[in-house]
Amino acid sequence: MDFAHSFALIAPELLLTGAGLALLMVAAFSGDKAARLVSILAVAALFAAGFMLVPGLHFGTDGPETLAFGGLLRIDSFALFAKALIYLAAIAALIIAPAFFNSAAAGTERGLRAEYPILVVFACVGMSVMVSASDFMSLYLGLELNSLTAYVLAAILRRDLRSGEAGLKYFVLGALASGIILYGMSLLYGFTGSTSFTGVRAGLEGELELGAMFGLIFVMAGLAFKISAVPFHMWTPDVYEGAPTPVTAFFATAPKVAGVALTARVVFEVFGGQVLAWQQIVMFAALASIVFGALGAIGQENLKRLLAYSSINNIGFILLGLAVANEAGAAAMLVYLFIYVAMSVGSFVALLMLRGEDGALFETFADIRGLSLTQPAIAWALLLFMFSLAGIPPLLGFYSKFVIFQATVEAGLVAFGAIAIAASVIGAFYYIKFVKVMFFDEPAGVVTGKSGAAHWALLALTALIISPLGYLLTPSLTDLAAKAAGALFLAV
């Protein structure tokens, strides 16, 4: 085993781990008064780690030289693509956090906690291990590191009942999901005698035994919980509503990317020889998520809960690309992930800008009545994000759904694509409700607070990405996604 080569491959993870430990010492000795410095340094560390990914993303990395530590990790183009999205989402979550924690929205616990950026950094380390995992041991290590930090982030407002409830629910259900995955892994190990992805795949060749089938189902069920796919979505609306909004923005983006990338790696590298066994599970989860996400959001009045159902709906479309079970479907899935991250970050930034003079946040439809007259820039930005999420052309959200439908139709799954299209029409109802409330109702006049330059910059950047100008990115995005998907299938 060449340790020098292995350490070189995981240089971004080493950087983030060292930065997290150093920032932890700063926070321990300086307390929350150093929170702003810790946050800035955490953003710098994530930028540096992301910059280290650029050569591999540009030239593409695949083959045996991408294996680290005897096959425990695979640092290929697929992992690099996912890590880049994770780091960008984490940076956005750190940039938007100070304004929230320093406002009345944080209740009696005003002030950014120094622990927040440190937890985000360690969560990114865990997610980096997840997307690079090539063995069930490293998979579980990354999964638990990410999960443990997520539980604390959800409940970081200790005196806020909603935050505490969100953290407790997330912890209890997350622990259950981790146990389900662990049990599935133990079954697969028992029937194949290996924990490596290649070893388990070789052991599953031929007719699938009943016990191994249960192992596959348990692993898939646990992963479905991590990405909040139906029927393992029950935690999502409550956690999204109760957690602090910057944390919700983080949960809606980075862990989703990590969970989807991990699921793709498992189904193709571990269960790739048993496509019929898992394809039906993924197809059901995809269609159920699309339909339930569309119908469940219709009666919601809280905007964060609505975006939770929107997230479930979008995960369904992403899983539809995975269910195609070929390289084109995987590439379409990655394109959708990039656009979904941009849309989600922009949507939550817009929600964070719905504040009163005292900094209190507003989160319901009643609060944004007539917003186009009092805060036209925010109203028009929200309109763009909602229409993009609905897949209305010419916004980039339409392109994300188009590439998924194209891959589905080319694979001969026309009926499933038609069901997804019909469900997306249903989902457009609650996105259009934003337009009706903001542009045609009498103004509520409560959103009167000022937002900082960081929020406006992120709002403008994400709005620009999902606007028709975003189509200029599609050639490069398609090329990167194709390289990442190619590396994933080469590993198989």
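Predicted model: local features only at pLDDT ≥ 70, side-chain atom pairs only at ≥ 80, totals over all residues.
View 1. Ile426 belongs to a nonpolar surface patch of about 480 Å², which is made by Val291, Leu295, Ile298, Ile419, Ile426 and Phe429. The elements that give two or more residues to this patch are α15, covering residues 275-296, and α21, covering residues 414-440. Of the contributing elements, α21 gives the most, with three residues.

View 2. Tyr183 lies in helix α9 (residues 161-192) and Phe218 in helix α11 (residues 210-226), so the pair ties together parts of the chain that are 35 residues apart in sequence. Tyr183 counts as partly exposed at 45% relative accessibility, and Phe218 is also partly exposed, with a relative accessible area of 27%.

**View 3. A stacked pair of rings, Phe398 and Phe402.** The ring centres of Phe398 and Phe402 are 6.2 Å apart and their planes stand at 25 degrees, so this pair is stacked. Both residues belong to helix α20 (residues 396-410), where, being four residues apart, they are separated by about one helical turn. Phe398 counts as partly exposed at 33% relative accessibility, and Phe402 counts as partly exposed at 39%.

**View 4. A cluster of rings, and charges placed over rings.** Ring pairs link Tyr151, Tyr170, Phe171, Phe225, Trp235, Phe250 and Phe251 into a cluster. Lys401 lies over the face of Phe317, at 4.7 Å from the ring centre, while the charged end of Lys433 sits over the ring of Phe365, 4.5 Å from its centre.

**View 5. Two cis peptide bonds in loops.** A cis peptide bond joins Val230 and Pro231, with omega at about 10 degrees, and Pro231 has its place in the loop between α11 and α12, the latter covering residues 236-242. The peptide bond from Pro393 to Pro394 is likewise cis, with omega near 10 degrees, and Pro394 is placed in the loop between α19 (376-390) and α20.

View 6. Ala325, which is not a glycine either, has a positive phi of about 65 degrees, and its place is in the loop between α16 (303-323) and α17 (327-352).

**View 7. The chain that surrounds these details.** The chain has 23 helices and two strands. Its radius of gyration is 21 Å, close to the 23 Å that the globule rule gives for 492 residues, so the chain is as compact as a globular protein of that length. Taken along the principal axes, the C-alpha atoms fill a box of roughly 65 × 60 × 40 Å, and of the 492 residues of the chain, 61% count as buried.

Definitions and conventions:
Residues numbered from 1 in each chain as written. Heavy atoms only, no water. Patch = residues over 30% accessible without salt bridge, like charges linked within 9 Å, V, L, I, M, F, W, Y side chains within 5 Å. Areas by Shrake-Rupley, 256 points an atom, 1.4 Å probe, with all protein chains shown as cover. Salt bridge = Lys/Arg side-chain N within 4 Å of Asp/Glu carboxyl O. Buried < 20%, exposed > 50% of the residue type's maximum accessible area, 1.4 Å probe, protein only. Phe/Tyr/Trp six-rings, centres within 6.5 Å; stacked < 30°, edge-to-face > 60°. Lys NZ or Arg CZ within 6 Å of the ring centre and 35° of its normal. Rg over C-alpha atoms; globule rule 2.2 N^0.38 Å.
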